[in-house]
Amino acid sequence: MTLRALIVEDDHKIASFLTKGLKQAGWAIDQVGTGEEGLDLALSEPYDVAVIDLMLPGLDGLSLIEQLRHHHVSTPVLILSARRSVDDRVRGLQAGGDDYLTKPFAFTELLARLQALLRRATGVTEPTRLTRGDLTLDLLTRQVTRRERPIELQRREFSLLEYLMRNAERPVSKAMILQHVWGYDFDPQTNVVEVLVSRVRSKVDDDLPDKMIHTIRGVGYVLRVP
Amino acid sequence: MSSAFRSRAGKTIGIRLTLYYSAYFVASVLLVLGLAYVLLSTALQRKDHQQIQLELGELAAFYRTGGVVAVRDFLAAQEASGTAEPFTVRLIGADGTIRFLWRPAQLGALDPERLRGMPVVPAGEWILRALADGLSLEVTAVDLADGARLEVGGSTGDRDQVLAGFRRVTFLTLIPVLALGLIGGALLASSALRPIRQIVQAVRAVAQGEMRTRVPTRQSGDELDELIVLFNGMLERIAALMEGMRDALDNVAHELRTPIMRIRGAAELALRSEGDPEIVRQAVGECLEELDQLLAMLNTLMDISEAEAGALKLRVEPVDLSALIAEVVELYQFVAQDKGLTLSTNVATELRVMADRGRIRRVLANLLDNAIKYTPEDGHVEITIAEDDGSAVVRVKDTGIGIPTDELPRIWDRLYRGAGGRTRPGLGLGLSLVRAIVNAHGGRIAATSAPGVGTEFTIVLPAELSEQARRASATQLSRM
């Protein structure tokens, strides 16, 4: 099933960057540049998710979201904004947004957040066991095996591998890992993420010719099934 | 235009002060002279009156013994002997007829007919009559036993002359007095306004960019001296702030240049790669990494300036410092392990403070980050907490390369990085952010260091927020 997303963004470059990226990921996209157009479309079409910029000509993003919620449209909304203060974040979520992403952002992060929103909206039951290729991770017993061979992981290592496996074939950024594994929203100068990834990589990929954890320069890390 | 206005205003004050002073001076002199005039004229009048009354008494005695004849004889004898007093005499009978009239030789200008026609003077009173040009007569009278009235008058001429002289002298004195007043006023105004003129000059120089200008102090300890000291202090502070800003700007420009050069280089490489996807991928990845670094630096700079401007809004809640430290230590555990460092804490003691959890965590992470970065292999990093007089004291101690004593005060500067740090990853913004956050909590941070031995950072956080910080966080909460 093709996912449908509405993008309300007046900056042409960002809008086309989003549209192209999501189309590449197999989504169907409608993109408009004003709040009024966005409201019309969102009220008439059934979207799976909407990406709404806060600073729009005419009807601004916050009012647009409030209008949607007022009309009982419950489409999950990801807010885009150049403002990164906690206050703005809170205001956006209070208006009815479901998540908040600060510009500039990594496309990987946007995609991951949209998918998280969809998961939440569709209420898919969580699997207790993740399997990618010959790698298995059991969320209940916290046992990890590759090619039937058990791998000992510490808490953070486990959490990182789980995150990579959930996002298999999709790159995740260092900031996303930091946020997901430790709950940190800032970038420490020393590369704690790099160190953690290399520990996990040595346990998962060492001694095997077909590597699963890859570094993508400038983007982050990805787990691929060989 | 504004400077012309300012200087004109200064001159107006000078002129006004001069005029006030000279007016006051002249008025004082006039008052003193006027008082002297009144006293003098009263004294002279009293003396004249005494003499006239003496004559009146004498003549009345002659009248009693020998009637009109005795009076006339006495006056004639006096005149003949040259000892006549300069007094007029008129004797009016009980029937109202004038029985005797005497005009002394000294008052030759007086027309006897006018003397005769003068209205009757009531006994015991003083009447002043102008009887001829420049001749006024002051007359008093006494009632005699037979109902007659004896009047004696004296010219006020002598007295008037003395007083006129006095007035003339006064008038002549006024010119030098006025001159003295103006000169004194001008001197006073000029000396009173000198420091103000100097301040005006200094402000003008500063406005033209001469930031090093200072107003000379006079060591007089008066209000203007205080103003000058305060003014110089203000200039000092402004200059320091401007220098700090210039330095920060220079540093930012310098810090921006390096990643921008790398991005440029990578982009150029990608363009010249003739489509080799691996090279392009590498180059674009490098661009993204450098851009993320730039973004992180920009965000931190904004956080610092927000915190330093006092605009940092803290989201205060009770924070278990021990748990927070344990959490941060855990974040760096693998990194420390990789580097062969031991990382230890004494977080057994539970210690609660009112603080912004996220920001204090950032402070601790920054300090630990630094400690690990600057501590060589087999070193030791230790975080301890203790309670001291209602405050929480956090110490981050390492056995790192240390900071030279002369560089120690500069570690809080934005973008400062020690000689050893230049080549290492990370931006020299951490410590100024750390200090800004600690200060926003009403706390203090200090560093001691010995090169080659290690560095110790000490943070003192009040367990309860100060009133000011509490208010800031209250407005924050109410806005949510």
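Tutor: Strand E4 of chain A, residues 77–81, is mostly covered, with 5 of its 5 residues buried. Buried here takes 20 or more other C-beta atoms within 10 Å of a residue's own, exposed takes 12 or fewer, and partly exposed is in between, with C-beta atoms placed from the backbone. Strands (E, at least two residues) and helices (H or I, at least four) are DSSP runs numbered from the N terminus. This is a predicted model, so to speak of a local feature we need pLDDT of at least 70, and side-chain atom pairs count only at pLDDT 80 or more, while totals for chains, interfaces and linings use all residues. Residues are numbered from 1 along each chain as its sequence is written, and chains are lettered from A and ligands numbered from 1 in the order in which they are written.

Now look at the two faces of E4(A). Val77(A), Ile79(A) and Ser81(A) are buried on one side, and Leu78(A) and Leu80(A) are buried on the other.

Next, the partners. Two strands pair if DSSP finds at least two bridges between them. E4(A) runs parallel to strand E3 of chain A (residues 49–53), with 4 bridges, and Ile79(A) is the bridge partner of Ile52(A). With strand E5 of chain A (residues 99–102), E4(A) again pairs in the parallel sense over 4 bridges; there Ser81(A) has Thr102(A) as its bridge partner.

E3(A), helix H3 (residues 61–70) of chain A and E4(A) form a right-handed β-α-β unit. Another right-handed β-α-β unit is made by E4(A), helix H4 (residues 86–95) of chain A and E5(A). Right-handed means that, with the strands pointing away from the viewer, the path from the first strand over the helix to the second runs clockwise.

Zoom out to the sheet: it is open, has 5 strands in the order E2-E1-E3-E4-E5 (chain A), and pairs in parallel. Its edge strands are E2 (28–32) and E5 of chain A, each pairing on one side only. Neighbouring strands are turned by 20° against each other on average, direction ignored. For such angles, axes are lines fitted to C-alpha atoms, for helices over the stretch in contact, and values run from 0 to 180 degrees between N-to-C directions.

Leu6(A) has Ala50(A) of E3(A) as its bridge partner. Helix H1 (residues 12–24) of chain A packs on the sheet, touching E1, E2 and E3 of chain A, and its direction makes about 170° with that of E2(A). Helix H2 (residues 35–44) of chain A also packs there, touching E1, E2 and E3 of chain A, at about 160° to the direction of E1(A).

Leaving aside neighbours within four places in sequence, Leu364(B) is in contact (C-beta atoms, placed from the backbone, within 7 Å) with Leu324(B), Ile325(B) and Val328(B).

E6(A) and strand E7 (residues 135–138) of chain A pair in the antiparallel sense over 4 bridges, and Leu130(A) stands opposite Leu137(A). In total, chain A has 8 helices and 11 strands, and 35% of its 226 residues count as buried.

Methods
Two residues are in contact if their C-beta atoms, placed from the backbone, lie within 7 Å.
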